[in-house]
Amino acid sequence: MHISIITCLPRLLESPFNDSILKRAQTKGLVSVDIIDLREYATGKHKPVDDYAFGGGAGMVLMIEPIDKCITDLKSKRHYDEIIYMSPDGELFTQSVANELSLKKNLILLCGHYKGVDERVREHLVTREISIGDYVLSGGELAAAVVADAVIRLIPGVLSDETSALSDSFQDGLVAPPVYTRPAEYKDWKVPEILLSGHQARIEEWKHEQSLERTHKRRPNLLK
Ligand code: ADE
C-alpha cells in the first residue's frame with residue numbers, strides 16, 4: 001500500500017511515521033508513506049497556499065490551484081483508489097471504514113487547515129471525506145495520522161502476531177476483554193482465577209462473556 005499525505009504543515013506528521021509499528025511497517029516494505037508539502041506546488045514569490053475567503057469571514061482558505069497541481073502530479077505517478085479529504089463534517093471514521101481502506105492499494109489523504117479548503121476541491125477533486133469525530137482540530141494532520149495508523153496496522157504482516165488485530169476492540173462489533181500480566185497478585189488485587197487455570201477453552205469463553213458484558217455497559221450502541 002502507498003499513502004500520500006498532502007499538508008501545508010509537513011513537520012506535524014514527521015514523528016507518527018518515524019516510530020514503532022508505523023516505522024517498522026515501512027521498513028518491512030509493507031507500506032510506503034509520502035508526506036507532501038503543499039507549498040511545493042504553490043506559485044509566486046511567497047508561495048502562498050491560502051487566501052482570504054470571498055464574501056468575507058474570519059480565517060484563511062486553502063487555495064484550489066496548489067491542491068489541484070499536487071493531486072494531478074501524484075495521479076501521474078500512480079493510480080489512487082481514494083482521494084480523501086480530512087474534514088470534521090465528513091463520514092465518521094470507524095473500524096469498519098479502517099477495514100475497508102486497508103484493502104485499497106493507494107490512498108491520498110488531504111489535510112485541510114485554517115478555515116478549510118476551497119469548496120471546488122471537495123466538489124471536483126476528492127472522492128471521499130472522513131472525520132475522526134465530532135470535534136474540530138486545528139487541521140487535518142492529526143486526523144490523517146489517526147486514519148493512517150488504524151489502516152496500516154491492519155495490513156497483513158504489519159503486526160507481528162496477526163491475530164492481535166483480529167482481537168482488537170470493534171473488530172467483532174464488541175469491545176475487547178480486560179487483559180492482565182504479572183504479577184498475578186499485586187497488593188491484594190488479584191488477576192481473575194480463570195486466566196491462571198490453563199483451560200484454554202474456558203478462558204476463551206470467559207473472554208467472550210467479558211467482551212459482551214463490557215459492550216453492554218460501556219458501548220451498548222454497538223449491540224443494536
Ligand atoms: N480536521 C479538523 N477537524 C477534523 C476532524 N474532526 N476529523 C477530520 N479532519 C479534521
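Helices here are DSSP runs (H or I) of at least four residues and strands are DSSP runs (E) of at least two, numbered from the N terminus.

The model is predicted, so local features need pLDDT of at least 70 and side-chain atom pairs count only at pLDDT 80 or more, while totals for chains, interfaces and linings use all residues. Residues are numbered from 1 along each chain as its sequence is written, and side-chain values use heavy atoms, with hydrogens and water left out.

**The sheet**

Two strands count as paired if DSSP finds at least two bridges between them.

Select strand E1, residues 2–7. Six of its six residues are buried, so E1 is largely enclosed by the rest of the structure. Buried means under 20% relative accessible area, exposed means over 50%, and partly exposed is in between (1.4 Å probe, protein chains only). His2, Ser4 and Ile6 point one way from E1, while Ile3, Ile5 and Thr7 point the other way.

Six bridges join E1 to E2 (residues 32–37), and the two run parallel. Along this pair, Ile3 stands opposite Val33 and Ile5 stands opposite Ile35. On pairing with E6 (residues 106–111), E1 forms five bridges, also in the parallel sense; Ser4 has Ile108 as its bridge partner there.

**The cores**

Which residues touch the most other members of the largest nonpolar core? Select Ile5, Phe93, Leu101, Leu109 and Ile152, out of 31 residues in that core. E1, H1, E5, H3, E6 and H5 each supply at least two of its residues, and the largest share, eight residues, comes from H5. A nonpolar core is a set of buried Ala, Val, Leu, Ile, Met, Phe, Trp, Tyr and Cys residues joined through side-chain atoms within 4.5 Å.

Stay on Ile5 and display its contacts. Not counting residues up to four places away in sequence, Ile5 touches, among others, Leu13, Phe17, Leu109, Cys111 and Ala144. Apart from this core lies another, of 21 residues, among them Ala42, Cys70, Ile71 and Val117.

Move to E7. Five bridges join E7 to E5 in parallel, with Tyr85 and Glu129 as bridge partners.

Select Arg122 in helix H4, residues 119–124. Arg122 counts as buried because its relative accessibility is 19%. Beyond residues up to four places away in sequence, it touches Tyr85, Ser87, Asp89, Val117 and Glu129. The side chains of Arg122 and Ser87 make a polar contact at 3.5 Å. A polar contact is a pair of N or O atoms within 3.5 Å; within protein, one must be able to donate a hydrogen and the other to accept it, and residues adjacent in sequence count only if both atoms are side-chain atoms.

**Loops**

Go to Asp168, in the loop between H6 (163–166) and E8 (185–186). At 18% relative accessibility, Asp168 is buried. Its side chain and that of Arg153 are joined by a polar contact of 2.4 Å. In the loop between H6 and E8, also select Pro183: the peptide bond from Arg182 to Pro183 is cis, with omega near 0°.

Finish with Lys47, in the loop between E2 and E3 (50–52). Lys47 has phi near 45°, positive in a residue other than glycine, and is partly exposed at 36% relative accessible area.

Note on methods. Contact means heavy atoms within 4.5 Å.
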